[in-house]
Amino acid sequence: MDANTILKVENLSVALEGETIINNISFDVKKNDALAIIGPNGAGKTVLFRALLGLVPYKGIIEWMPNIRIGYVPQKFSFHRESPLTTKEFFLLQNKNFWLPVNQDIEHLNHELELVGLSSDILARPIAELSGGQLQRALIAWAMLNHPDALLFDEPTAGIDVGGEETIYNLIHKLQNERNITVLLISHDLNIIYKYANQVLCINKDMKCNGAPIDVLKPEELSKLYGEGAFYHHHGK
Amino acid sequence: MENNMEMLNQIIIIAASVGLASGAIGTFIVLEHMALAGDALAHVALPGIALALAYNTDPFLGVLASLLIAAYLVWFVRIRTKLPSEALIGVLFTASLAVGILTIPDTEIVESLFGEFPALPSWKFVFIITSALALTAILFFKTKQFVFLNTSRELAKAYGIRERTELLLLVIFAVIVSLGIKLVGTLLMGALTIIPALIARNIARSIKSYLLFSAFLGSAISVAGVLLANQYNFLPGPTIVLLGVFCFLLSLVFIRK
């Protein structure tokens with residue numbers, strides 16, 4: 001693994017309860033890449049993330065850069081409404097001093113919130129009561145809190161209105177440029193991928209394509225991935 | 001008379017410390033939706049008492065052993081199987097109660113179910129107090145891990161919190177229940193862990209205050225219950241639990257969220 005590579009995946013297979021979810025996938029991610037992972041529903045995208053995070057057993061090789069810090073924004077996130085957890089306490093879950101955090105950490109937290117466009121007065125509010133947009137931003141700030149080298153986003157747009165969607169991607173892009181982080185994101189939106197990703201991995205259990213968006217997001221590749229008649233078929237009869 | 005006074009003081013200190021620990025563990029039991037499991041777990045103490053009596057050993061050991069086994073079972077069912085855990089826990093609960101009623105001698109059954117004013121040798125007194133305080137300290141120390149898992153299992157695992165942490169929670173619960181069973185009884189000990197947490201949830205605006213309120217309330221309600229029971233010659237267990245329920249109703253009436 002050369003110094004410029006942040007993640008190397010070789011012959012990765014995941015089977016859950018006897019069913020093969022991912023079959024023999026290999027790819028590399030270089031530092032500061034933005035890798036988009038696309039594929040139809042049930043293609044194993046989220047399972048791939050979970051394997052990369054070590055949450056599910058797998059076969060093959062997953063090799064991260066040594067001492068890497070990974071931030072993770074999961075797809076579905078709902079807080080138990082019966083938990084009185086405040087937004088501040090949610091952030092303190094990552095702090096060594098949960099009960100008595102030092103001032104410096106609180107200042108850092110305020111700074112990170114500012115960066116994602118949230119005001120610090122949400123800290124006192126129960127996290128279960130944040131709006132969808134606020135929660136998405138809070139989760140990004142949460143994932144960014146310990147300055148990760150790589151960020152894993154599972155469908156950052158899910159559940160956010162279109163107006164907000166654009167800004168979430170601008171935000172990710174900004175973070176990527178300012179902090180030199182590597183981004184792996186699962187997305188359905190080809191426009192977003194053209195705009196923000198420099199590498200695309202198409203999976204549907206097996207690997208279907210891997211390369212720059214301009215090279216791999218062609219009608220024939222996409223129909224291989226999603227089946228005939230999916231995207232970009234505007235020929236009519 | 002002086003002897004009685006000394007005994008009452010001893011019991012008040014036990015109530016204060018075991019109540020504190022019960023209030024603290026209750027917050028997590030309620031957050032984890034394990035109130036019913038916890039309640040059922042406490043009843044498993046009955047066969048433990050019966051076994052200990054049959055073999056002429058200290059009932060506390062029987063209680064502790066049976067609760068630890070049950071704690072592991074509940075955890076195993078929750079994590080490792082797809083069986084509906086609340087149904088299995090229902091079976092566990094009724095089976096324990098049935099075994100207990102059949103095997104515990106009539107002279108012991110009321111105390112086993114509803115608690116009594118215990119007369120304890122001093123080593124045991126010290127043991128109960130230190131264990132209760134130590135377990136409370138562990139709960140506060142591990143709060144972050146418990147809350148993390150409760151908030152998002154997925155995120156917690158991604159950030160290195162192990163699922164075994166939940167087993168620790170159940171084990172601590174089992175030991176706290178064992179400590180309190182002599183005073184409060186097997187049928188009511190579960191309630192002592194749940195009620196303070198429910199009242200605290202009505203008041204608290206954060207996890208930290210929730211835990212602190214609950215521990216404090218567990219302690220205060222237990223002590224007040226013991227004093228009331230002593231005054232009017234009631235059994236301590238039901239008095240503590242009813243006082244707790246009364247406080248819970250008050251919290252419903254007076255606190256608007």
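Predicted model: local features only at pLDDT ≥ 70, side-chain atom pairs only at ≥ 80, totals over all residues.
In chain A, three strands form an open sheet in the order 2-1-4, with antiparallel pairing. Strands of a sheet pair through backbone hydrogen bonds, in either a parallel or an antiparallel sense. The edges of the sheet in chain A are strand 2 (19-30) and strand 4 (59-64), each of which pairs on one side only. On average, neighbouring strands of this sheet are turned by 15° against each other, direction ignored. Eight bridges join strand 1 (residues 5-16) of chain A to strand 2 of chain A in the antiparallel sense. Leu16(A) stands opposite Glu19(A), a residue of strand 2 of chain A.

In chain B, helix 12 has 26 residues, which at 1.5 Å a residue should span 38 Å. Just after helix 12 of chain B comes Asn233(B), with a positive phi of about 65°.

The contact between the chains involves 15 residues from chain A and 19 residues from chain B. On the side of chain B that touches chain A, at least two residues each come from helix 8 (143-151), helix 9 (153-158) and helix 12 (207-232) of chain B. Helix 8 of chain B gives the largest share of this side, six residues. By residue type, the side of chain B that touches chain A consists of eight nonpolar, five polar and six charged residues.

Technical notes: Residues numbered from 1 in each chain as written. Chains lettered and ligands numbered in written order. Contact = placed C-beta atoms within 7 Å. Helix = DSSP H or I, 4+ residues; strand = E, 2+ residues; numbered from the N terminus. Nonpolar A, V, L, I, M, F, W, Y, C, P; charged D, E, K, R; others polar. Pairing = 2+ DSSP bridges. Axes fitted to C-alpha atoms, helices over the stretch in contact; angles between N-to-C directions. Expected span 1.5 Å × (residues − 1).
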